[in-house]
Amino acid sequence: MKAFRVVVRALAVLALLTGAVDVLIGLPGQQKIGAALAEGYTDPLLNSQLRYLGAVWFGFGVLLWHCLGDLPKYASIVRGAFIIVFIGGLGRVASVFQFGFPPSDLGRNFVILATAIEIVGMPVLLVWMRSLLPRTT
């Protein structure tokens, strides 16, 4: 159980840090990971969306951190959170099929890593969590 908690806490910290960056910096922060916006980094709608989603991602980190305090009690919430992130990964896959990868190596590598965490990592965490928790009837 300890290793699982360490891995999920690392995921929570990642969500807290990257979510906070998105809320505080907005689109200019995306330039650091290879985003290429022809219109620039000041589009009000895109900034609004990114900052909103950053807050949601930050909230995901808070949720994970809190729920790990009593995993058996909050297992269904953690399970749901992992499933939501997996579905988000499917959205990334759809985006890659529709628009391709970002033009920069940094952007492409970011999308590949994020998608791997979402599409592969979340099911692995779900199975791992299931193996740790007692079966209920």
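**Exercise 1.** Decide whether glycine 19 is buried or exposed, and state in which helix glycine 19 is found.

*Solution.* Glycine 19 has a relative accessibility of 0%, so it counts as buried (buried means under 20% relative accessible area, exposed over 50%, and partly exposed in between, with a 1.4 Å probe and protein chains only). Glycine 19 belongs to helix 1, where helices are DSSP runs of H or I with at least four residues, numbered from the N terminus. From glycine 19 to alanine 55 the C-alpha to C-alpha distance is 5.7 Å, although 36 residues separate the two in sequence.

The model is predicted, so local features need pLDDT of at least 70 and side-chain atom pairs count only at pLDDT 80 or more, while totals for chains, interfaces and linings use all residues. Residues are numbered from 1 along each chain as its sequence is written, and side-chain values use heavy atoms, with hydrogens and water left out.

**Exercise 2.** Describe how the axes of helix 1 and helix 3 cross.

*Solution.* Two packed helices are described by the angle between their axes and the distance between the axes. For helix 1 (residues 2-25) and helix 3 (residues 44-67), the axes come within 7 Å and cross at roughly 155°; axes are lines fitted to C-alpha atoms over the stretch in contact, and angles run from 0 to 180 degrees between N-to-C directions. The two helices are therefore roughly antiparallel, since that term applies to angles over 145 degrees. By class, the contact of helix 1 with helix 3 has 19 nonpolar, four polar and three charged residues, with Ala, Val, Leu, Ile, Met, Phe, Trp, Tyr, Cys and Pro taken as nonpolar, Asp, Glu, Lys and Arg as charged, and the others, Gly among them, as polar.

**Exercise 3.** Find how many aromatic pairs there are, and classify them.

*Solution.* Rings of Phe, Tyr and Trp (its six-membered ring) pair if their centres lie within 6.5 Å, and planes under 30 degrees apart count as stacked, over 60 as edge-to-face and the rest as tilted. The count comes to two aromatic pairs. For phenylalanine 4 and tryptophan 128, the ring centres are 5.2 Å apart and the planes stand at 85°, so this pair is edge-to-face. The pair links helix 1, which holds phenylalanine 4, to helix 5 (residues 105-132), which holds tryptophan 128, across 124 residues. Phenylalanine 4 is buried at 0% relative accessible area, whereas tryptophan 128, at 27%, is partly exposed. For tryptophan 57 and phenylalanine 60, the centres are 5.0 Å apart and the planes lie at 10°, so this pair is stacked.

How values were computed
Angles under 35 degrees count as roughly parallel, over 145 as roughly antiparallel, 65 to 115 as roughly perpendicular and the rest as oblique.
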